[in-house]
Amino acid sequence: MRHFLQIDDFDANALHARLALAQSFLSNDDVPQIQGDNRLVGKVIINAFFENSTRTRTTFELAARHLGAMVVNLDIARSSTAKGETLADTVQNLEAMGAHALVVRHHVSGAPHFIAKCCPHISIVNAGDGQHAHPTQAMLDMLTILRHSNKDFADLKVAIVGDIKHSRVARSDTSALLALGCGDIRLIAPPTLMAKGLANDKVRAFYDLSGIDGVDIVIALRVQNERIDSPVLAGSAAYYRDFGLSLAQIKQRAPDAWVMHPGPINRGVEIQSALADDERALILRQVRYGVASRMAVLAHCLGAV
Ligand code: NCD
């Protein structure tokens, strides 16, 4: 498979192959170090981020460099799309320059799929499209679970808490967990931020924090600041009271749980500072595993495995 557009394109074996390769790039130390190699020497990877990013763009760049690739970061604000060029023309120019892979983030759902059609000869990696998918975030989240949980995916209970409705991370994590055999996924949100159509016999919707009772993993999601003062929420203080994750809540309801968050975190909105800094929070581990996961995804896309 040359592209990496969405988790649903891959079965459990394909996901496990990428997770195993990602593991091989990490040392087993308590603070894992990345061990790269030269398998992507001569490959050109262009990061085309049409939407803001800190973690994802930087970890993709580090991933490519750890494997010896040449990396170019397209400066979208200064690019010709700002002069009226179409997306198709912009990406076909990048293909013509000799790119072997484009790592694309775009605010429009489906943009990476569209680009894959425009550029049939190169790999397109989805680094987050609108509210649709963020498949490499799901890979790093699965790697984090694999490295920290002593249970098989089939026995895991996972809660995802926050703005489920607008979250590409919630969608991709749910797809990955289901593909890997997890049968107890709980989506927790106020009714106004719950996605329609995701629930089934393995994915249940909860409208308060009782959904985290006894889970092994809690994945907190950012509440988009741009929505927090809108009429769909009663404001950040009310949100924090009802859905904010605190150390006390975790100790009481899910004392064995690891806490994850894709970042950026809003301290005091969806997560208490004391919990974000607690040893059960894996937030910075996720970022480090993001490098290894993206190394594995790029290596598979470019046939270097
Ligand atoms: C997420 C994203 O951009 O979708 N963050 C990330 O990639 N680390 C989640 C978010 O922005 O809330």
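In this predicted model, a backbone N or O atom of G263 lies 2.9 Å from a nitrogen atom of the ligand. The distances are listed below.

| Residue | Protein atom | Ligand atom | Distance |
|---|---|---|---|
| G263 | backbone N or O | nitrogen | 2.9 Å |

The ligand on its own exposes 320 Å², of which the protein buries 88%. Its surroundings consist of R55, T56, R105, H134, Q137, R168, V169, R222, P262, G263 and P264.

G263 is joined to P264 by a cis peptide bond, with omega at about -5°. Most peptide bonds are trans. P264 sits in the loop between β9 (258-260) and α10 (273-276).

Q137, one of the residues around the ligand, also takes part in a helix contact, that of α5 with α11. Helix α5 (residues 135-148) packs against helix α11 (residues 283-301) at an angle of about 115°, the axes being 8 Å apart. Their crossing is right-handed. On the α5 side the contact involves T136, Q137, M139, L140, D141, L143, T144, R147 and H148; α11 contributes R285, Q286, Y289, G290, A292, S293, R294 and V297. By type, the contact residues are 6 nonpolar, 7 polar and 4 charged.

Conventions. Residues are numbered from 1 along each chain as its sequence is written. This is a predicted model: local features need pLDDT of at least 70, side-chain atom pairs count only at pLDDT 80 or more; totals for chains, interfaces and linings use all residues. Side-chain values use heavy atoms; hydrogens and water are left out. Axes are lines fitted to C-alpha atoms, for helices over the stretch in contact, and angles run from 0 to 180 degrees between N-to-C directions. Helices (H or I, at least four residues) and strands (E, at least two) are DSSP runs, numbered from the N terminus. A crossing is left-handed if the near helix is turned anticlockwise from the far one by less than a right angle, and right-handed if clockwise. Contact means heavy atoms within 4.5 Å. Ala, Val, Leu, Ile, Met, Phe, Trp, Tyr, Cys and Pro count as nonpolar, Asp, Glu, Lys and Arg as charged, and the others, Gly among them, as polar. A residue is near a molecule or strand if one of its heavy atoms lies within 4 Å of it. A polar contact is a pair of N or O atoms within 3.5 Å; within protein, one must be able to donate a hydrogen and the other to accept it, and residues adjacent in sequence count only if both atoms are side-chain atoms. Accessible areas come from the Shrake-Rupley method with a 1.4 Å probe; for residues, only the protein chains shown count as cover.
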